[in-house]
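Here are my notes for a first look at this model. Please read them with the structure open.

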Amino acid sequence: MTNPNFEFKPASDFIREDAPERYIYNMASDKHEIAISTHDLQVSYGDNLALSEGDLEFERYKITSLIGASGSGKSTVLRSLNRMNDDVATVNGQIMYRGVDINTKNIDVYEMRRHIGMVFQRPNPFAKSIYDNITFALTQRGNYTKEQLDEIVETSLKQAALWDQVKDELNKSALALSGGQAQRLVIARALALKPDILLLDEPSSALDPISSAQVEDTLIELKNQYTIIIVTHNMQQAARISDYTAFFHLGKVIEYDLTRKIFTRPKVALTNDYISGNFG
Amino acid sequence: MKAKTADKIATGFIYAISGIVALILFAMLSFILVRGVPHLSWHFLTSPARAFEAGGGVGVQLFNSFYLLILAMVISFPIALGAAIYLNEYAKKNYFTAIVRTAIEILSSLPSVVVGLFGFLLFVVQFKLGFSILSGAIALTLFNLPLLTRSIETSLAQIPDLQREAGSALGLSRWETVLHVILPAAVPSIVTGVVLSAGRVFGEAAALIYTAGQSAPALNFGDWNPFNISSPLNPMRPAETLAVHIWKINSEGIMPDVNAVSAGASAVLIIVVLLFNFSARKLGTKLYKKLTSS
């Protein structure tokens with residue numbers, strides 16, 4: 001049944017005369033240092049093309065937010081960047097990192113993921129102690145003395161702003177931590193590997209507002225040493241913490257620009273619709 | 001009828017059904033225990049059976065049951081663990097995995113007497129292993145393998161995928177993640193499953209009648225060299241287990257106190273199986289606390 005009170009506005013009402021269909025910030029022309037970039041990237045799940053956005057560049061030591069409605073392809077891009085999608089999707093195209101295409105068969109993905117870390121929506125600490133959560137992946141590959149490990153644990157927990165809360169109970173189970181603490185432990189765990197790039201897939205959407213704010217503060221602190229790419233559903237979060245924002249729609253980037261431009265003067269009408277909550 | 005009334009009737013009905021199930025179990029257990037426990041004594045539990053006179057025990061049978069159980073577990077656990085890891089962590093959804101899964105399902109629904117007869121033809125006769133603990137252990141493995149595989153697979157499946165993603169995101173290989181993250185987290189539930197299946201194996205009779213045999217030669221408990229024929233550890237000797245013993249004396253026992261021996265043996269069997277069941281859960285919880293240091 002149609003609702004008589006509901007007036008459907010044609011899309012043309014929103015579009016300004018001069019609005020472009022899409023706008024991508026040209027990073028190369030402005031001589032920014034690129035941490036990671038994609039070329040001709042296409043991702044499909046089975047027969048379903050989830051991402052047709054070929055070329056994206058992410059600047060080093062900046063936070064880039066990927067926003068867009070569910071199914072817009074933002075998480076797909078993120079998960080392709082360190083090849084977490086290998087088992088479920090077909091990823092075609094190049095992903096350039098330090099001059100190497102990491103989307104090829106002969107890349108050691110395990111080694112690559114130590115440079116490009118990832119944090120997920122739900123905190124996923126291992127069923128181990130806080131200390132072991134951080135050191136485990138390290139000790140699997142290299143030899144460290146107890147002192148080195150102690151130091152890494154302390155540094156990474158400090159970076160994740162968790163040290164003060166857990167320094168006296170490092171041998172306690174990580175499963176006993178609260179959601180916000182667990183998420184910061186997971187961030188610390190990723191940082192312990194000293195990655196270049198940190199990918200975060202809605203890292204605070206499962207957290208309460210206070211924990212969420214703590215995670216945001218942590219990310220802003222980290223920006224000096226890490227390139228951060230974050231998928232978020234939270235417009236305020238994107239606006240607060242990121243330098244760049246890319247707006248995704250139906251597997252394509254509609255607008256990619258400095259965050260302040262996206263949120264104050266979007267160039268594309270669709271972006272404006274999304275950030276002002278007209279859809280999505 | 002009002003929704004509330006209907007709800008009350010349905011609830012009452014479900015309570016009644018659950019009550020009946022519990023009652024049947026309780027009645028059976030108390031019948032066996034009340035009849036059997038008075039015959040239990042240290043002598044009964046440790047002395048060998050007597051074929052023609054009163055006063056025999058089930059010592060040898062009890063030992064055989066445990067020894068067979070341990071051997072069967074030692075053989076079946078690694079295989080079941082490997083199969084479960086493959087099925088839950090590695091297998092893709094394809095034709096081959098579908099066949100493996102169907103095979104496991106069919107194997108688990110085979111009547112144990114069929115497994116026993118198959119074991120008799122193949123291991124006892126063809127491979128010339130004779131009526132022996134080894135033949136019995138292999139037959140029990142066939143009987144136990146599908147259930148144990150399924151149980152371990154369920155334990156692994158209970159570990160959320162978040163843990164696997166966490167492992168990959170830290171640059172751990174799938175095997176490293178399985179070995180150091182998934183398995184430790186699943187150990188408590190795996191142990192519970194193993195102990196429960198041990199209870200089932202302990203009470204199994206049909207698969208053993210034609211494989212481990214129906215005779216329990218006297219054992220010399222001072223001789224632990226597995227190559228000596230009277231050694232308890234010799235895997236090539238015939239070994240009637242407790243469950244087989246109960247079946248046998250009830251069908252052809254001629255000792256004067258056959259009823260007492262049968263009741264006592266049944267009580268021992270039930271008590272051991274109950275112990276397995278109760279300890280399974282306890283052990284699982286304890287291990288979980290210890291392993292996750294919570």
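1. What percentage of the 280 residues of chain A count as buried? The figure is 45%. Keep in mind that this is a predicted model.

2. How far can the prediction be trusted? For the complex, the predictor gives an ipTM of 0.82 and a pTM of 0.83. Chain B has a mean pLDDT of 90. In that chain, 99% of the residues reach 70 or more. Where pLDDT is low, the predicted coordinates should not be read in detail.

3. Next, the overall form of chain A. Its secondary structure comes to ten helices and twelve strands. The C-alpha atoms fill a box of roughly 65 × 45 × 40 Å along the principal axes. The radius of gyration of chain A is 20 Å. A compact globule with 280 residues would have one near 19 Å, so the value for chain A agrees.

4. Contacts in chain A reach across the sequence. Take those with a separation of 6 or more: 69% of them join residues 24 or more positions apart.

5. Now the contact between the chains. Chain A gives 23 residues and chain B gives 19 residues. On the side of chain A that touches chain B, the elements with two or more residues are helix 2 (109-115), strand 8 (116-119) and helix 3 (130-141) of chain A. Helix 2 of chain A gives the most, with four residues. By class, this side of chain A has eleven nonpolar, six polar and six charged residues.

6. Which residues touch the most other members of the largest nonpolar core? They are A188(A) and L68(B), in a core of 139 residues. Beyond its neighbours within four places in sequence, L68(B) is in contact with I133(B), G136(B), A137(B), L140(B), A212(B), A239(B) and T241(B). In soluble globular proteins, nonpolar side chains tend to be buried together.

7. Is L147(B) buried or partly exposed? It counts as partly exposed, because it has 19 C-beta neighbours inside 10 Å and a buried residue needs 20 or more. Setting aside neighbours within four places in sequence, L147(B) is in contact with S108(B) and S197(B).

8. One distance to check on screen. L147(B) and L170(B) are 23 residues apart along the chain. Their C-alpha atoms are separated by 34 Å.

Definitions and conventions:
Residues are numbered from 1 along each chain as its sequence is written. Chains are lettered from A and ligands numbered from 1 in the order in which they are written. This is a predicted model: local features need pLDDT of at least 70, side-chain atom pairs count only at pLDDT 80 or more; totals for chains, interfaces and linings use all residues. A nonpolar core is a set of buried Ala, Val, Leu, Ile, Met, Phe, Trp, Tyr and Cys residues joined through C-beta atoms within 7 Å. A residue is buried if 20 or more other C-beta atoms lie within 10 Å of its own, exposed if 12 or fewer, and partly exposed in between; C-beta atoms are placed from the backbone. Two residues are in contact if their C-beta atoms, placed from the backbone, lie within 7 Å. pLDDT is the predictor's confidence in each residue, from 0 to 100. Ala, Val, Leu, Ile, Met, Phe, Trp, Tyr, Cys and Pro count as nonpolar, Asp, Glu, Lys and Arg as charged, and the others, Gly among them, as polar. The radius of gyration is taken over C-alpha atoms; the globule rule is 2.2 Å times the number of residues to the power 0.38.
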